[in-house]
Amino acid sequence: MQVGDRVRLLTGREEGIVTRLLDNELVEVAIDNDFTIPVLRREVVVVAAEEQKAFGKTAAAVANERKAASTGAARAAQAAGEKPAPASSSASAKKGSSPTPPPVKIAKGLYLGLVHQSPELLAVHVINNTDADVLYTYGEERPDGTYRGLASDKLEPKAASKPLGHWHLKDFDKWPAVLVQLLPHQLNGTTAYDLLSKRTQFKAATFYKSRQQAPIIQKEAYLFQLDEKPAAPLAPPTPEKLAETLKAQLTGDAPAKPDTVAPTPEPAKAIVAPPHELDLHIEALRPEGAEGLSNTAMLKLQMDTFEDALSRALATNMHEIVFIHGAGNGTLRKEIHKQLSRNKDIKFFEDARKEKFGYGATLVRLK
């Protein structure tokens, strides 16, 4: 049992499409009346392809239609006081009706087809209606710009892929954009082709107008051509072009080849050790002093300078450093001590020499 298989529930007459394999025991089935349910694998059976081919519809659907038709005919006959007409009369009536017009012939090409599996559920296929093999990749691009590759394979001429995705019409506004890459290929062919990429974003204004008979699968589908601009053949260089290139290389006039290797990054600048004693007073950091700065801005400037000096001291293997923060109201000292207490590269810190700095400096010993 695979995603996309049509199954019948053993506990009733409902039929649907397998949309997900939940685990070894459960599958998710989209019932034809547009809702999904989890079902035990042992309670569903795959509808045989022969049944679809023989009846054009599933046996259950045919039986229901026959029952409804016979019931309706019997009731009509009773109301008119007549005997119900035999089933063959409907067939003879159809003989006189106008024949069904032949389906529109679709031009050769590569297509993305969305086929109804139920009134609400669509399966996504890539269709190769050409005479060449086609290598393809299929992926989806989400609204946030992220891309997810989902499938890649080779399609033979006049063939369609297996279902590559299942989407609900009720989620139309959430559908991703589809990105398909195509590379035509012919065994022993004499032409090489460039890679063809096609991004398809579905819009309601054009989506519902695209419904038509799809080639190969012979079902109605929302059809979008992927090779509106065919893949360009890769022309081999002419002898004259090769001669010009060789001459230019020999004379040194050949154009510079594009860099195929990333340029070597510039060496990082050497880290300069901070001074052994760093003054964090605002006057020492800004020649113009505190003019135009709020208390918050001053504290941020002082803390940024402290953190930069501490990181450079650690990077250059200094043993100790003194930060002169002043006594003041103690705000800067408190913030510095808070940062030092959280740093695992600090051996310890203490007030620096009181005879020189009073209580306005902190000595930091580094590991």
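I looked up L114 first. In this predicted model, L114 touches L122, A123, V124, W167, W175, F202, F207, A221, Y222 and F224, leaving aside residues up to four places away in sequence. Contact here means heavy atoms within 4.5 Å.

Ground rules, noted once. The model is predicted, so I take local features at pLDDT of at least 70 and side-chain atom pairs at pLDDT 80 or more, while totals for chains, interfaces and linings use all residues. Numbering runs from 1 along each chain as its sequence is written, and side-chain values use heavy atoms, without hydrogens and water.

Buried means under 20% relative accessible area, exposed over 50%, partly exposed in between, with a 1.4 Å probe and protein chains only. This core has 26 residues, and L112, L114, W175, F202 and F207 touch the most other members. The elements giving two or more residues are β6 (109-116), β7 (121-129), β8 (133-141), β12 (177-185) and β16 (220-225). Strands and helices are DSSP runs numbered from the N terminus: E of at least two residues, and H or I of at least four. Another core lies apart, with 16 residues, including L278, M303, A309 and L332.

**Aromatics.** I found 14 aromatic pairs in the structure. Rings of Phe, Tyr and Trp (its six-membered ring) pair with centres within 6.5 Å; planes under 30 degrees apart are stacked, over 60 edge-to-face, the rest tilted. F207 and F224 are stacked, at 6.0 Å centre to centre and 20° between the planes. F207 sits in helix α4 (residues 204-207) and F224 in strand β16, so the pair ties together parts 17 residues apart in sequence. Both F207 and F224 are buried. F306 and F323 are edge-to-face, at 4.7 Å and 70°. That pair links helix α7 (residues 295-315) to strand β19 (residues 320-324). F306 counts as buried because its relative accessibility is 1%. F323 is buried too, at 0%.

One aromatic cluster holds W167, F172, W175, F202, F207, Y208, Y222 and F224.

**Sheet.** I traced an open sheet of 4 strands, antiparallel, in the order β9-β8-β12-β14. Strands count as paired if DSSP finds at least two bridges between them. β9 (147-155) and β14 (196-200) are the edge strands. Between β8 and β9 I noted 8 bridges. L135 stands opposite K154 in β9.

**Loop.** D144 is in the loop between β8 and β9. D144 counts as exposed because its relative accessibility is 60%. Its C-alpha atom is 9.9 Å from that of P176, 32 residues away along the chain.

Terms used. A nonpolar core is a set of buried Ala, Val, Leu, Ile, Met, Phe, Trp, Tyr and Cys residues joined through side-chain atoms within 4.5 Å.
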